[in-house]
Amino acid sequence: MTARQARTLNALALLGCCAVLIEAFWYQLVRGELPCPLCLLQRAAFAAAGVGFTLNLRFGPRPSHYGIALLGAVAGACVAGRQVALHVVPGTGGFGSTLFGLHFYTLALIAFVALIVGVSVLLLDDGVLRADPRADGAGAGRFGSACLLLFLCVVLANAVSTAAECGAGLCADDPTRYEALDSWLGHAGPR
Amino acid sequence: MMVLPFVGFAGSVIAVLGGRRGVAVGLWLAAMAGTLVLFGAHATATLRLDF
């Protein structure tokens with residue numbers, strides 16, 4: 001595998017993490033479905049896995065970078081698995097709406113497992129770690145840089161959204177409003 | 001509290017963009033530890049898996 005191919009694969013994986021986070025944001029902002037604490041932790045895990053791909057893009061592929069992506073995905077799979085287990089018994093209901101007939105935590109579990117399998121298959125090719133990023137020019141490249149910046153924006157947006165929802169404390173189990181933002185506006189508004 | 005992992009991961013990405021690999025990995029580790037602590041804080045109820 002050449003450095004360019006490795007870079008493109010990492011950029012695509014990072015784009016996949018961005019797509020998942022943006023899609024969750026779309027449901028939050030357009031359909032008003034506020035994320036529960038476990039949902040937020042799954043988003044954080046996608047960000048954790050994405051950091052591994054950003055490191056690969058910027059500094060070239062290394063085992064430690066793929067390890068970071070794998071650990072993030074494993075943590076996310078644990079959180080998503082916990083939420084699936086909370087709702088798996090018939091009659092216990094679910095949380096949030098569905099996409100393709102599956103709740104988002106189920107889709108997240110599938111995505112995390114797919115990420116783990118994908119990175120593991122990628123690592124079967126020894127060439128992926130021998131690829132010298134300097135061979136095709138240093139840095140992430142134009143596409144990789146764009147993915148990197150998009151990923152940073154999405155993670156920062158999640159930070160702002162989470163702060164508005166939960167403030168400095170833990171989030172409500174079944175959030176219905178941006179508690180911290182409402183509280184802040186209540187204090188800052190006209191009297 | 002819940003915002004801390006996102007702040008840590010965002011800081012990690014900023015460090016990556018700035019070419020500071022060590023800082024990026026350190027921030028990632030701290031944010032990951034925070035994520036796991038928060039997971040532990042939210043996973044307290046016993047699962048009812050009696051089908």
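1. Basis. The model is predicted: local features need pLDDT of at least 70, side-chain atom pairs count only at pLDDT 80 or more, and totals for chains, interfaces and linings use all residues. Residues are numbered from 1 along each chain as its sequence is written, chains are lettered from A and ligands numbered from 1 in the order written, and side-chain values use heavy atoms, without hydrogens and water.

2. Salt bridge. The whole structure holds one salt bridge over all chains (a side-chain nitrogen of Lys or Arg within 4 Å of a carboxyl oxygen of Asp or Glu). Arg177(A) and Asp182(A) form it, at 3.3 Å from N to O. Asp182(A) is partly exposed at 34% relative accessible area. Arg177(A) is partly exposed at 43%. (Buried is under 20%, exposed over 50%, partly exposed in between; 1.4 Å probe, protein chains only.)

3. Nonpolar patch. Met1(A), Leu9(A), Leu12(A), Leu15(A), Ile22(A), Phe143(A) and Leu150(A) make up a surface patch with about 550 Å² of accessible area together. (Patch residues have over 30% relative accessible area and no salt bridge; nonpolar side chains are joined within 5 Å, like charges within 9 Å. Areas are Shrake-Rupley, 1.4 Å probe.) Helices H1 (3-30) and H6 (141-166) of chain A each give two or more residues. H1(A) has the largest share, four residues. Leu15(A) lies in H1 of chain A and is partly exposed at 32%. (Helices are DSSP runs of H or I, at least four residues, numbered from the N terminus.)

4. Gln83(A). Gln83(A) sits in helix H3 (residues 63-87) of chain A. Gln83(A) is buried, at 2% relative accessible area. Beyond four places in sequence, Gln83(A) touches Cys36(A), Leu38(A), Cys39(A), Gln42(A), Phe95(A) and Tyr105(A) (heavy atoms within 4.5 Å).
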